[in-house]
Amino acid sequence: MKFVSLHNHSHFSLLDGYQTIPEMVSRAKELGATALSITDHGTMRGVVEFYKECKAQGIKPIIGCEFYFCPDFSVRDRSMTHHLVLLAMNDVGYRNLKELDTIAYREGHMFYKPRIDVDDLRMHSAGIICLSACMASIVNTPDGEEWFEKFYNIFGDRFFAEIQPLNIDKQQEYNAKVIALARKYNVPLVVTTDAHYARPEDEPYHYL
């Protein structure tokens, strides 16, 4: 069994992703991966290029997006914008991702960043796998357990608790919280690396 990277940012994650799609896919193939996801921040603009590049290199493409999620899009508060990873598991899921991507850019939803809210999720959850996301998730707030349960109720067995093996104290604390919630609600865990660059030597350029 090989590790499949389910949380990846290309250069379409503006000012945050330091890897082109060809670099990302080539590196995955070099490491022996058989599948790879794309989860750019708040956009699906790179998915066609990603799909074509994966097919050309013999990698299974997993189409997704790390959406900017807010509880209610009518609330104009930047602190209420969080991250949520959604992956298409079939054609229905892909169409729902595209619908959510369109909704996020509508007038009213857009507030500094393109956003979706909980009602949008409920209406367009079919065929989608949901990961609880990184430390910027709404799960990493005082009301995190309430939202963890809401995501579970919306997605059922298509909801996964995401942890990341980063050597950061805050990440380890968040991992412990997510693991405890996963055990309480019997939600499977998934390990991701939240990749923003293809090679270790690229790290300084990502943080410029």
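User: At what angle do helix α5 and helix α6 pack, and is α5 oblique or parallel to α6?

Analyst: This is a predicted model, in which local features need pLDDT of at least 70, side-chain atom pairs count only at pLDDT 80 or more, and totals for chains, interfaces and linings use all residues. Residues are numbered from 1 along each chain as its sequence is written, and side-chain values use heavy atoms, with hydrogens and water left out. Helix α5 (residues 144-155) and helix α6 (residues 169-185) have axes 11 Å apart and pack at an angle of about 50°. Angles under 35 degrees count as roughly parallel, over 145 as roughly antiparallel, 65 to 115 as roughly perpendicular and the rest as oblique, so α5 is oblique to α6.

User: Which residues of α6 meet α5?

Analyst: Contact means heavy atoms within 4.5 Å. From α5, the partners are Gly 144, Glu 145, Phe 148, Glu 149 and Tyr 152. In α6 they meet Lys 177, Leu 181, Ala 182, Lys 184 and Tyr 185.

User: What is the handedness of the crossing of α1 and α2, and at what angle do they pack?

Analyst: A crossing is left-handed if the near helix is turned anticlockwise from the far one by less than a right angle, and right-handed if clockwise. The crossing of α1 and α2 is right-handed. Their axes lie 10 Å apart, and the packing angle is about 35°.

User: How much space lies in the largest pocket, and which element supplies the largest share of its lining?

Analyst: On a 1 Å grid over the protein atoms alone, a pocket is an open set of points where a 1.4 Å probe fits, with protein on both sides within 12 Å along at least five of seven lines; lining residues have an atom within 4 Å of a point. The space in the largest pocket is about 850 Å³. Of its 37 lining residues, the closest to the centre are Thr 193, Asp 194, Ala 195, His 196 and Tyr 197. With three residues, the largest share of the lining comes from α1.

User: How many residues line the second largest pocket, and which element gives the most?

Analyst: The second largest pocket holds about 490 Å³ of space. Its lining has 21 residues, with Pro 61, Ile 62, Ile 63, Ala 88 and Met 89 nearest the centre. By class, the lining divides into 18 nonpolar, one polar and two charged residues. The element that gives the most, with four residues, is β2.

How values were computed. Points joined across faces, edges and corners; volume = space filled by probe spheres on them. Helix = DSSP H or I, 4+ residues; strand = E, 2+ residues; numbered from the N terminus. Nonpolar A, V, L, I, M, F, W, Y, C, P; charged D, E, K, R; others polar. Axes fitted to C-alpha atoms, helices over the stretch in contact; angles between N-to-C directions.
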